[in-house]
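Have a look at the structure before reading on.

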Amino acid sequence: MIRCLAIDDEPLALQQLVTYIGKVPYLELAAQCQSALEAQHFLEHDIVDAIFCDINMPDLNGMEFVKSLPSPPLVVFTTAYSEYAVEGFKVNAVDYLLKPFGLQDFQRSAQRLRDRLSATSSMAETIQPSDDNIFVKTDYKIVKVSIHDIVYIEGMSEYLKIWLSGQSKPLITLLSMKKMEDVLPTSFMRIHRSFIINLSKIEEVNKNRVVLQPLVDETRKEPISLPIGDMYKDAFLDYIEKKFLGKKNHPSPK
């Protein structure tokens, strides 16, 4: 499924987007917003695959809104003004729907989204490790990531957040946890359905949580505390047991 965000300040136009999204089997409506500012707030705590976004909106127009996003999803612009078409494609928009548009026009744009995401996913799934580095696709480019810099990896639906030492924001990539597990060396372990950690970054184990080194001292002084899932607890405690220098009857995390 392609998770979509619909944005339009006109209620009837927004309802049309919502209705059309519901008519395409592979689209899923994540949220609907009546302003770019509302959409900004939503994307601060959630991730979508695509945005259907009006351009002419008060306070912040759709074009500037997309440019402001650090990791923009795929975008289809909707507007009644054809002069925005060229500018829309400059920000790598997948398509441009000129109002008024019908269901067939919308379906063509949805198919272009599907094709683009399919190509991106195929590329991401074929990325291979090289020495002490991996390569991941993020922000429409492929970047090299040092394995030693990875503190932990967080799974979010079909996306992964890769948290790195010295970086206050994660890299976001379209990839599965299973694929990442297969690529990473044995110095990494999955401790939860949503978390893979770099074992060398552990500072302490406290009850049913693992405490990792802070990412950036200046911006995140609190240590990182992640839960240990029941499915992964035994394997993790076996690892700790092998590294433990003390009496074998030490209290284990519960």
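Tyr20 and Phe106 are both buried, with buried meaning under 20% relative accessible area, exposed over 50% and partly exposed in between (1.4 Å probe, protein chains only). The two form a tilted aromatic pair, 5.5 Å centre to centre with 50 degrees between the planes. For the terms here: rings of Phe, Tyr and Trp (its six-membered ring) pair if their centres lie within 6.5 Å, and planes under 30 degrees apart are stacked, over 60 edge-to-face and the rest tilted. Since Tyr20 sits in helix H1 and Phe106 in helix H5, the pair ties together parts that are 86 residues apart in sequence. Helices (H or I, at least four residues) and strands (E, at least two) are DSSP runs numbered from the N terminus.

Keep in mind that this is a predicted model: local features need pLDDT of at least 70, side-chain atom pairs count only at pLDDT 80 or more, and totals for chains, interfaces and linings use all residues. Residues are numbered from 1 along each chain as its sequence is written, and side-chain values use heavy atoms, with hydrogens and water left out.

Back to the rings: the whole structure has 5 aromatic pairs, and ring pairs link Tyr20, Phe52, Phe101 and Phe106 into a cluster.

Phe52 and Phe106 also turn up among the residues with the most contacts inside the largest nonpolar core, which has 24 residues. Such a core is a set of buried Ala, Val, Leu, Ile, Met, Phe, Trp, Tyr and Cys residues joined through side-chain atoms within 4.5 Å. Strands S1 (2-7), S3 (50-54) and S4 (74-79), plus helices H1 (11-23) and H5 (103-125), each supply at least two of its residues. A second, separate core of 22 residues includes Leu5, Ile7, Met63 and Tyr96.

What does Ile21 touch, leaving out residues up to four places away in sequence? Its partners are Cys4, Ala6, Leu27, Glu28, Leu29, Phe52 and Phe106, where contact means heavy atoms within 4.5 Å.

Now the backbone. Most residues other than glycine have a negative phi, and most peptide bonds are trans.

Pro100 is in the loop between strand S5 (95-98) and H5.
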